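Subject: Structure handover

Hello,

Here is the structure you will be taking over. Please look through it first; my notes on what was found follow below.

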Amino acid sequence: MTTTPIIPDVGAALSARARPPRPSALSASRTFAWRALLKLRHVPEQLIDVIGIPVIFTLGFTYLFGGALAGSPRAYLHFLLPGTLAMTVVLVTTFSGVTLNTGITTGVYDRFRSLPIWRPAPIVGAVLGDSGRYLLASALVIALGLVLGYRPGGGVVGVTAAVALLLGFAFGLSWVWTALGLVLRAPSAVNNLSLLVLFPLTLASNIFVDPETMPGWLQAFIDLNPVTHLVTAERGLMAGTATLGQIGLVLATSALLTTVFAPLTMHLYRHKR
Amino acid sequence: MRPPAVETAGLVKAFGTTRAVDGVDLHVPSGSVYGVLGPNGAGKTTTIRILATLLRPDAGTARVFGHDVVAEADAVRDRVSMTGQYASVDEDLTGRENLVLLARLLGFSRQQARVRAGELLDAFGLAEAADRLVKTYSGGMRRRLDITASLIVTPRLLVLDEPTTGLDPHSRNQVWDIVRALVADGTTVLLTTQYLEEADQLADRIAVIDHGRVIAEGTPGQLKASVGAGALQVRVPDPAQRAHAERVLAQALGVPVHPTSDPATLSARVDDAHRVVAVLAELSSAGIALADFALGQPSLDEVFLALTGHPTRPGTTTKEDDAA
């Protein structure tokens with residue numbers, strides 16, 4: 001430790017200049033998105049466990065069951081990879097709730113709330129900034145797939161569109177966890193509860209196998225599961241065979257989630273003591 | 001006529017059945033340092049959180065430079081910066097990033113924000129640590145950064161919640177210097193504290209608050225006059241001399257003198273510090289040598305005892321913020 005320097009001239013640092021005009025809602029949100037990305041850069045280890053699971057699943061399922069389920073690991077990989085891509089990003093969305101819950105208990109949000117800015121900006125910005133996480137996670141899974149021999153039929157355009165749609169879905173889903181993050185007391189509770197919701201949704205879906213061989217009641221659930229429809233659209237886009245209906249359904253789900261949970265989040269945020 | 005920096009009337013805020021703030025009336029003149037003195041749980045933090053628009057009052061009104069904290073919250077936010085008791089900077093960012101972030105949120109351009117952050121880091125002795133993560137900062141540096149973060153645009157009212165709690169004396173003096181420089185520059189400072197000495201050092205006026213109510217208000221001088229200037233402690237080399245010393249002291253001071261748990265020490269309330277010198281001389285001429293003596297400021301406990309007849313509630317270590 002160096003010795004603490006004497007404060008040289010505080011008076012000189014006090015600004016006589018006028019306050020600049022307030023930033024727009026968009027500008028304030030973008031600044032908060034920048035904050036989220038900075039945190040990702042300073043604390044990259046926050047991604048490890050959420051990315052670890054899908055990597056293990058992709059490798060494990062491809063080589064353990066690939067031959068039995070689809071004739072060869074490589075053939076199965078073409079079925080599985082869009083699914084694990086979706087699964088990864090869906091699991092990573094839980095972090096938006098956890099980070100909000102962690103942040104809001106510190107004094108940092110008090111400072112944000114006492115600033116003359118657009119009220120929802122801290123949350124909207126954080127959710128937008130989380131797209132950085134989703135992109136990073138997507139890149140990792142796709143790179144892994146390419147190394148293992150995955151060759152998407154939809155090419156670069158198909159894969160880009162698939163990732164874009166995934167980001168759109170993740171944006172909608174994030175609001176569920178931010179609302180949860182404002183209701184629950186501890187970050188670990190947010191994490192546990194969101195994973196408790198997500199594991200059935202990702203397992204009881206069409207990510208790993210075609211649901212045709214499953215019992216009727218389970219097929220009924222899988223048909224209602226939004227993750228199933230997300231995976232169907234992802235497969236379609238990456239293979240270059242997606243229909244507008246498949247894409248529209250995912251976008252509509254995301255819009256519905258945003259319409260319900262974004263205002264709920266903001267209501268909870270405004271009334272958070 | 002300039003409106004007062006802060007004017008509250010009958011302010012009430014309850015959490016469940018606890019009335020954390022129970023009818024607080026404050027009048028903080030513009031351009032002054034105003035101290036809110038009280039023990040933990042007295043309602044200090046809740047009061048200033050209302051002034052910083054972080055809480056809505058259940059009843060009563062609060063105005064900051066004439067603007068209502070509920071109806072004109074944005075106008076209040078334009079004029080007030082608050083540094084809370086618990087770090088309101090981001091530990092996972094560097095000091096510089098914290099300041100640039102806040103400057104951007106106040107409307108500075110990217111370039112202006114960087115320049116302003118640099119100026120502040122230099123002025124507050126944080127330039128060396130500017131690019132380190134805040135979680136590696138010492139308590140004093142963190143607190144300075146926290147206050148700096150409130151000064152990106154110099155606010156008209158700076159609210160500091162227990163700004164020196166937990167700081168070493170050197171860091172505490174730095175915070176005091178900052179407050180004095182701000183006031184010299186024309187900013188009004190409202191600070192809460194548990195230390196009478198701090199309020200005495202900095203504040204032009206003090207409100208003593210207990211159980212959510214203002215129980216005394218005035219200049220430090222008026223407040224101390226109501227409590228007595230301080231406590232005199234005298235220690236004799238031999239416990240056998242204590243009884244003799246007690247009689248001499250009681251006569252010279254004209255107030256009751258109390259033996260303490262240390263068998264060689266005596267303690268007395270002193271209203272006039274100047275008389276102490278004469279009193280000590282009398283002890284000497286009575287043939288009583290002194291091992292040690294001290295004249296101390298009355299503690300917050302003594303202030304409370306004098307004002308309320310009860311000491312600060314024992315065991316009140318719960319954080320007000322748990323309720324807030």
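The contact between the chains takes 35 residues from chain A and 45 residues from chain B, where two residues are in contact if their C-beta atoms, placed from the backbone, lie within 7 Å. On the side of chain A that touches chain B, α2(A) gives the largest share, six residues. Helices α1 (10-13), α2 (25-42) and α6 (108-113) of chain A each supply at least two residues there. By type, that side divides into 17 nonpolar, nine polar and nine charged residues. Here Ala, Val, Leu, Ile, Met, Phe, Trp, Tyr, Cys and Pro count as nonpolar, Asp, Glu, Lys and Arg as charged, and the others, Gly among them, as polar. Helices (H or I, at least four residues) and strands (E, at least two) are DSSP runs, numbered from the N terminus.

This is a predicted model: local features need pLDDT of at least 70, side-chain atom pairs count only at pLDDT 80 or more, and totals for chains, interfaces and linings use all residues. Residues are numbered from 1 along each chain as its sequence is written, while chains are lettered from A and ligands numbered from 1 in the order in which they are written.

The largest nonpolar core has 144 residues. Such a core is a set of buried Ala, Val, Leu, Ile, Met, Phe, Trp, Tyr and Cys residues joined through C-beta atoms within 7 Å; buried means that 20 or more other C-beta atoms lie within 10 Å of a residue's own. Helix α8 (residues 155-183) of chain A gives the most to this core, with 15 residues. A:Ala86 is among the residues with the most contacts inside the core. Leaving out residues up to four places away in sequence, A:Ala86 touches A:Leu166 and A:Glu234, among others. A second, separate core of 12 residues includes B:Val234 and B:Leu266.

In chain B, four strands form an open antiparallel sheet in the order β12-β13-β11-β14; strands pair if DSSP finds at least two bridges between them. The edge strands are β12 (257-259) and β14 (292-296) of chain B. Five bridges join β11 (residues 230-235) of chain B to β14(B), and B:Gln233 stands opposite B:Ala294.

β1(B) and β2(B) form a hairpin with two residues between them, and B:Gly16 in the turn has a positive phi of about 65°.

Regards
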